[in-house]
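Student: I would like to learn how to read a structure of this kind. Could we go through it together, one feature at a time?

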Amino acid sequence: MRIYDAVIIGAGITGCAVARYLSRYQGNFLVLEREEDVCCGTSKANSAIIHAGHDAKHGSLMAKYNVEGSEMYPDLAEELDFPFRQNGSLVLAFSKEDLPRLKALYENGVKNGVKGLEIIDAKRTRELELNASDQAVCALYAPTGGIVCPFEATIALAENACANGVEFRFNTEVTGFRKLEAGWEVLTAAGKAIETKAVVNAAGVYADIFHNLVSEKKIHITPRRGDYCLLDKTTGDFVSHTIFQLPGKEGKGVLVTPTVHGNTLVGPTAIDIEDKEGTNTTAAGLDQLLQKAGAAVKNIPIREVITSFAGLRAHEDGHEFIIGEPDDAPRFFDCAGIESPGLTSAPAIGLDVADRIARTLDLPEDPSFVGKRKGFLNPNKLSIKERNDLIKKEPSYGLVICRCETITEGQIIDAIRRPIGAKSLDGVKRRVRAGMGRCQGGFCSPKVMEILSRELGVPMEEITKSGGKSQVIVGRAKDRI
Amino acid sequence: METRNLTCIRCPLGCQIEVKMEGKEVVSVTGNTCRRGDIYARKEVTNPTRIVTSSVRVSGSRTGAVMVSCKTAADIPKARVMDVVKDIKDLVIPCPVAIGDVLKQDVAGTGVDLVATRNVE
Amino acid sequence: METYNVVIIGGGPAGLAAAVSAYDAGEHSILVLERDTQLGGILNQCIHNGFGLHTFQEELTGPEYAQRFIDRLIERKIEYRLNTMVLDITREKVVTACSRADGVTRIQAKAIVLAMGCRERSRGSLNIPGFRPAGVFSAGTAQRLVNMEGYLPGRRVVILGSGDIGLIMARRMTLEGAKVLVCAEIMPYSGGLKRNIVQCLDDFGIPLKLSHTVVDIEGKDRVTGVTIARVDSHMKPIPGTEEHYDCDTLLLSVGLLPENELSRGMGVELSPVHKGPVVNESLMTNIPGVFAAGNVLHVHDLVDYVSEEAETAGRQAAAYAAGSLTDETGREIPIETGGGPRYTVPETLDPARIGDQLTIRFRVGSVMKDRRVNVYLDGDRVLSRPRRVMAPGEMEEVLLTRKMLDGHPDLKSIAIKVEEG
C-alpha cells in the first residue's frame, strides 16, 4: 500500500493551493474531497475579490497572509492563466464621525505593508465612482485591491498540482484519523484507511470537526452565511472599483463590485447559522442585502439580478486563521478558520504550509516541477483569423452552445476532458461559464447534458447538476404510465 | 337535479357558467353572457372532447431526432385521453416521418388515428 | 465579405415570415441565420395545438404551423444557414456569425430584420430564496426535455406562474406520468388563456392558487419540497399562509423577455417597458435599415400576430434595401397612451409613410372590464371600440386607417386611451 507524504482534506482554494505548492517537492500527495469536484464549498460562493490588506488587524496571521497573498496574485494569475484584475477598492465613510475609523483603517493598512493607500475626498471619490453614494464624505482608496474568478483560480491550482503529480480523489468523505508513530491514518467513509506522514486540514466549515478529533485544544467554527446577488453583464460598468462600507463587527459589510467577467456582484450578508450545509438564501437575507448595498452605491439596478446565492464563511471564534500543527497533534497541519480574506490569503497560506511540510518531512525539491498552466481557451478573445484556424482544426469551437456567454461546444469539451475535468452541469459552468449568464442555463443545460453524457459515456439520466443525488432528469417520458 | 359549474373558454371573459342537468338532459344554462357560452357549456357537459397532443420515439433519424410530435387527427372523448397516452407509450416510429402520416390507426380504440405533426428525416 | 440585401437574424416564426414577405416584395437577396439545428424556432417544441386560428382558420400544432412557413421559404429558394450563431452586428450592418461549417464569417447587409425571439425569466431574476438544487426548470426547458428529447424532468411537480407555457406544461407533465400538485400565480389573475386554465389544469384537477408565490425551495441535491404562501396587495408573502409541498420539481413560467443582446450591442434603443426595440410605423429601430419583429420586439400572445408583424418588417426591410423607404424621416409623431396601454408598438409614426392602414399593438397593465379603446388624432376621437374585458396577458390592437389620417393633414398628436363608458 502506498504511503503518502501528505493527504490534504478539502479541494477548496486553500487545499488546492497547498497541493500546488507541495507539488514543487518530491513526494506522494493526495487531495481528498467529499464533493464531486474542486471548488464546491466556500470557494465557490464568496465576493471574488482580492483584498488589499488594510482590514485585518496588524500583527495577525490574517494580515500577514492577506498582504502576502495579495502581492502573489498578479504573478500567479499570469503563471496559472486565470482571470484576475487589479481594479482598486474604495472604503466609503458617510459622516465626519466616521473619519477617525477610516484613518485608523488607513494606518492599519500602512502598518500591514499595503502599498499605495490614500484617503481621498468626496470629489475624488465621485470622480473614481460616479455611482458612489451622495452621502460619502471621503474614502480610503486601495489601488492594489483586485477581483478574481475564484472558480478558475481554484481549478487552476488543482490542475497545476495534478499536472505535477498530485492525486485527487473525489466523493471521498473523511471520517476520522488514527495516530501513527510518525504520521496518520486517514479513515474515509468508503472504508479503506489511507496512511500518510502528514495531514493538511483544509476542510472549510468542517475544519473544526477534524481539528477537534486530533487535538485537545478545541476550536469552534460558525458557518457565517453570506447572501449575494449577481447582476447581469449589462450592469458591467455600474461600478469599476470594489466599494466597501466602513467595516463593522460582523465583518467588512456589504460590498458592491464588478466581477472579472463583467457582472456586478452585491453582497454579502453576515448571518451566523448552525447548519454547515445551510447555503440556502432567505427572503430576509436578500432584503437586508439590497437595503444595505443601497447605502454605499446609489441606483443599484436591482431589476438586473440574474441569480442570488449564499456561501458560508468558516468563522472561528477567535476570528483568526489557525495555521500549522497543534502542539498535541504533530504533522497535522491546520488551515482552519479560513474566512475573509481567505481567498486572498490562499496562495500565501498554501506556500507557507507546503514549505513547512517539506521541512518537517525533509522533502527534496522536484526539479521537474512545471509552474505554468494553460487556461481554458476562450475563442471570444481571438482574432477572426485565429478563431477560424481554430475552428478548422477543431470544428466544435464553431458551435455556440451557451448563448448568453457565447460558449462553444469546444470549450465545454475542454472543460470535461481536462485531467481534473467537469463531471456535472455546475462543473462545466464553473470552468467555462456555460449557464452562467442571464438565462441561467435555460437554453443550454439540455445541450450541455448531452455533451457530458457523450463525453463521459454515461446515460442522460445520470447527469447531475452538482454530483451526488442531483440528477437533472428523473426518467424517460411515459416510463411509469 | 345535478348542477355543474364550468368556466367558459370561448373568450377572455371566462364566464362562470352553471348548468343544471336532469340525468343526461340539460335543463338550464346560466351565467354565460353570450350564445357561444351556451353552446360550449352544453357540449362540455354532455360530450366533452379533446385533441390529444404528445410525442413518440423515432428510430433511424438522419438528423439525430429522437422524438416526433403527434396528435389525434380529431377530437376524442375527454375520458379517453389517458387511454390514448397509454396506447402510444411504447411506440417507435421508423424515419422518415412526414406531417400527417398515420402513426397509429384507431388509437386506443377511439376510432381516431394518431398522426405526425412534424417532418422528421 | 459576403453581401446580402436583407439579412434576417433568426429562423423562428418571425424570421420565416419576414423572409417570405421580403421575397414577395421583390427582394431576392435574402439570408436567414438560425442558431438551432432546424428552422421553426420555439414552435418546434410547442407540440400542443391552438396555433394558426387567425392565419389559417384551423388549429395547428406548433411544428405544423412552423412547417407551413418553412415550406414557403423553401418554395422561394430563400437562403438560410442553420447552426449559425450571430455574435455581433455593427451599426454599419455588418453581421458577424459563427458556425462549425463556416467558422466566423462577416456579412454586409443593406437591411436587417431582428427576429431573435425571447427567453424565459429565470429563478434568479425573481430572487426566490432557498437552496439551489437540481429540479428547478424554466417551463420551456422542461418542455424541450419532454417533447424533443423524451425525458421526464420530474415526477412530483409544483408550477410557479400561470402563463401559457406553465399551463401547457402542467398538462404535458401529467400526460407523461408526472403528478402536478399545484400551480401558484403571484398575480390576482392568470396571464394564461382561459382555455388553457380549463383544459390544462381543471381537466386534471390541478389547483390554481392566485396571489401565491414560492417562498422557499428545499433540497440540497435535488428539490425535496417547495413552500408557497399567499401574497398581499404589494406581492409580499403573508406570514402564516405558508403551504408546503413534497415534490422533486419546480417549474417556472414567470414571464418572457425579448432577447436583445445583439440589439443592445449594436446600439438599438430599447423600450424600458416592453424591453424590445423602440420602432416607428415601419418597424424600423433608431438605426436606419434595422427592423424588428416578433417576440424580440415585444412578447406576443399568439404566433399569428408574430407572423403578421414580421411580414410588415420583411416588406419594409425589402423597401429599405431597394431604396424606396428612406431614413429621412418626415415626422416622428409619438403615440401617447394616457394610462390604459402600458406601451404601443410602434411607438411613433410618420403619417406620410402609412399605406392603407397601420396596426398598432399594445397591452394593458391590469384586468379591465367594460371599457372602450379610443383613438384620438389631435384630440378628435376617430375610433372607439368597446371591450368587454382586457387583460395584461392578451395583446390588443387598433387599426389606424388612411382615411382617418387624411382627415388630419397637420397631425401633431396621437393618443390611444382605454376609457370607461
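Student: Why is α2(A) described as largely enclosed by the rest of the structure?

Tutor: Please keep in mind that this is a predicted model. A residue counts as buried if 20 or more other C-beta atoms lie within 10 Å of its own. In α2(A), 14 of the 20 residues are buried, and therefore the helix is largely enclosed by the rest of the structure.

Student: Where does helix α2 of chain A bend, and by about how many degrees?

Tutor: The helix, which covers residues 61–80 of chain A, bends by about 40 degrees at Y73(A), with the proline P74(A) following within four residues. Just after α2(A) comes D81(A), whose phi is positive, at about 55 degrees.

Student: How should I read the packing of α1(C) with α3(C), and at what angle do they pack?

Tutor: Two packed helices are described by the angle between their axes and the distance between the axes. Here α1 (residues 13–24) and α3 (residues 62–75) of chain C pack at about 35 degrees, with their axes 9 Å apart, and their crossing is left-handed. Among the residues making the contact are L16(C) and V20(C) of α1(C) and F69(C) and L73(C) of α3(C); by class, the contact has 9 nonpolar, no polar and 1 charged residues.

Student: How many residues of chain A are in contact with chain C?

Tutor: On the chain A side there are 47 residues, in contact with 43 residues of chain C. Elements giving two or more residues to this side of chain A include α7 (283–296) and β18 (305–316), and its residues divide into 19 nonpolar, 19 polar and 9 charged.

Definitions and conventions:
Residues are numbered from 1 along each chain as its sequence is written. Chains are lettered from A and ligands numbered from 1 in the order in which they are written. This is a predicted model: local features need pLDDT of at least 70, side-chain atom pairs count only at pLDDT 80 or more; totals for chains, interfaces and linings use all residues. Axes are lines fitted to C-alpha atoms, for helices over the stretch in contact, and angles run from 0 to 180 degrees between N-to-C directions. A crossing is left-handed if the near helix is turned anticlockwise from the far one by less than a right angle, and right-handed if clockwise. Two residues are in contact if their C-beta atoms, placed from the backbone, lie within 7 Å. Ala, Val, Leu, Ile, Met, Phe, Trp, Tyr, Cys and Pro count as nonpolar, Asp, Glu, Lys and Arg as charged, and the others, Gly among them, as polar. The bend at a residue is the angle between axes fitted to the seven residues ending there and the seven starting there. A residue is buried if 20 or more other C-beta atoms lie within 10 Å of its own, exposed if 12 or fewer, and partly exposed in between; C-beta atoms are placed from the backbone.
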